[in-house]
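Let's take a friendly walk through a protein model together. Have a look at it first, and then we will go through a few of its features one by one.

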Amino acid sequence: MTETHAIARVPMKWVGPLRISGNVANIDTHVPLATYETPLWPSVGRGAKVSMLAEEGIVATLVDERMTRSVLVEATDAQTAYTAARAIEARIEELRAVVRTCSRFAELLTVRHEIAGNLLFIRFEFSTGDASGHNMATLASDTLLTHLLQTIPGISYGSISGNYCTDKKATAINGILGRGKNVVTELLVPRAVVEGVLHTTAAKIVQLNIRKNLLGTLLAGGIRSANAHYANMLLGFYLATGQDAANIVEGSQGVTLAEDRDGDLYFSCNLPNLIVGTVGNGKGLEFVETNLTRLGCRDDRAPGENARRLAVIAAATVLCGELSLLAAQTNPGELMRAHVELERDNKTAKVGA
């Protein structure tokens, strides 16, 4: 390792265990979080403890997965752009065959478009196996773009990326159409656990979620997002498992739901843009390999299954931290007391050593 290619060390700790069930995995597992915000560890740990006290744990349902890349082409006018778009839609099977010539794992799922003046934005959507798929989607889109320019009359090159993807930006389109894994997590917390572990009530959490996450975010102009701090858990998890951390920009868009069910708490976190992979850039680092292996995400499975497992573990980790923070914020002074006590603990450096 040279000075120009070193590793930035971030404090990391395993937290848990947390219990996960659902359509991808049924497991109890600890999770790694790399962060300078050390109160995150006990906070997620408290959510994990709650999950172990719930009958089914956190029920994580993966409802969709796709990686996108949009290309931009220029047409003579809007009518020519529209004609080109219709031709592209009609040739979807031909385009799928083109993708197979450049990738073993990428599969073209669908093509969408939008026209602005004489500009045609073409959004390709792919399945990408165990890779998060940024590069795979770009390679396939580059191949498709070359093919389209050679076979569709009246269009010319604009850009390999037209920002209609949308990559690493907070937008509405990803939440509507999906980018990455779309995972819904749910947890039913018995009243005794809400009161005994979270030191609050279901009614207080529901009220805070409405006022803070829903109304507060609305007033602030949030884009398809109503949550307290998904980004904290995602960043810690992404850094520990070799993910492209910039994807927390769209990954942290999501909505938290809470219901008071006769004193029990129904709690749900919805993450439509969870971009994770178990192969590809960054996964060759020793600590990443160790962490993915401990999470059971390096086992010999069919393509895509390890990435789905990693996605539901990430989503469940988000729920643990979201629940714990909202519970803390129902009690005056609790959040700041925890930060003061834990962030003044000089053992942090030793934990990450």
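Is the crossing of α8 and α11 left-handed or right-handed? Keep in mind that you are looking at a predicted model. In this model, the two helices cross in a right-handed way.

Let's see how this pair is arranged. Two packed helices are described by the angle between their axes and the distance between the axes. For α8 and α11, the angle is about 135° and the axes are 8 Å apart. The two helices are therefore oblique to each other, since roughly antiparallel would need an angle over 145 degrees. On the α8 side, the contact is made by Tyr-230, Met-233, Leu-234 and Phe-237. From α11 come Leu-310, Ile-313, Ala-314, Thr-317, Val-318, Gly-321 and Glu-322. Sorted by class, the residues of this contact are 8 nonpolar, 2 polar and 1 charged.

The largest pocket has a volume of about 880 Å³, and 33 residues line it. Nearest its centre you will find Gly-242, Gly-282, Leu-285, Phe-287 and Val-288. Two or more lining residues come from each of α4 (134-151), α8 (230-240), α10 (286-294) and α13 (348-352). The lining has 18 nonpolar, 10 polar and 5 charged residues.

Helix α11 takes part in the second largest pocket, where α1 (40-53), α11 (305-329) and α12 (334-343) each give two or more residues to the lining. The largest share, 5 residues, comes from α12. This second largest pocket has a volume of about 350 Å³ and is lined by 17 residues. Pro-39, Ser-43, Ser-324, Ala-328 and Ala-338 lie nearest its centre. By class, its lining splits into 8 nonpolar, 6 polar and 3 charged residues.

Finally, turn to the backbone. Most residues other than glycine have a negative phi, and most peptide bonds are trans. With that in mind, which kind of peptide bond links Gly-16 to Pro-17? This bond is cis, with omega near 10°, and Pro-17 sits in strand β1, which covers residues 12-22. Another cis peptide bond joins Cys-165 and Thr-166, with omega of about -5°. Thr-166 is found in the loop between β6 (155-159) and α5 (172-177). You can find His-199 in the loop between α6 (191-196) and α7 (202-220).

Terms used:
Residues are numbered from 1 along each chain as its sequence is written. This is a predicted model: local features need pLDDT of at least 70, side-chain atom pairs count only at pLDDT 80 or more; totals for chains, interfaces and linings use all residues. Side-chain values use heavy atoms; hydrogens and water are left out. On a 1 Å grid over the protein atoms alone, a cavity is a set of points where a 1.4 Å probe fits but cannot get out, and a pocket is an open set with protein on both sides within 12 Å along at least five of seven lines; lining residues have an atom within 4 Å of a point. Grid points are joined across faces, edges and corners, and a volume is the space filled by probe spheres set on the points. Helices (H or I, at least four residues) and strands (E, at least two) are DSSP runs, numbered from the N terminus. Ala, Val, Leu, Ile, Met, Phe, Trp, Tyr, Cys and Pro count as nonpolar, Asp, Glu, Lys and Arg as charged, and the others, Gly among them, as polar. Axes are lines fitted to C-alpha atoms, for helices over the stretch in contact, and angles run from 0 to 180 degrees between N-to-C directions. Angles under 35 degrees count as roughly parallel, over 145 as roughly antiparallel, 65 to 115 as roughly perpendicular and the rest as oblique. A crossing is left-handed if the near helix is turned anticlockwise from the far one by less than a right angle, and right-handed if clockwise. Contact means heavy atoms within 4.5 Å.
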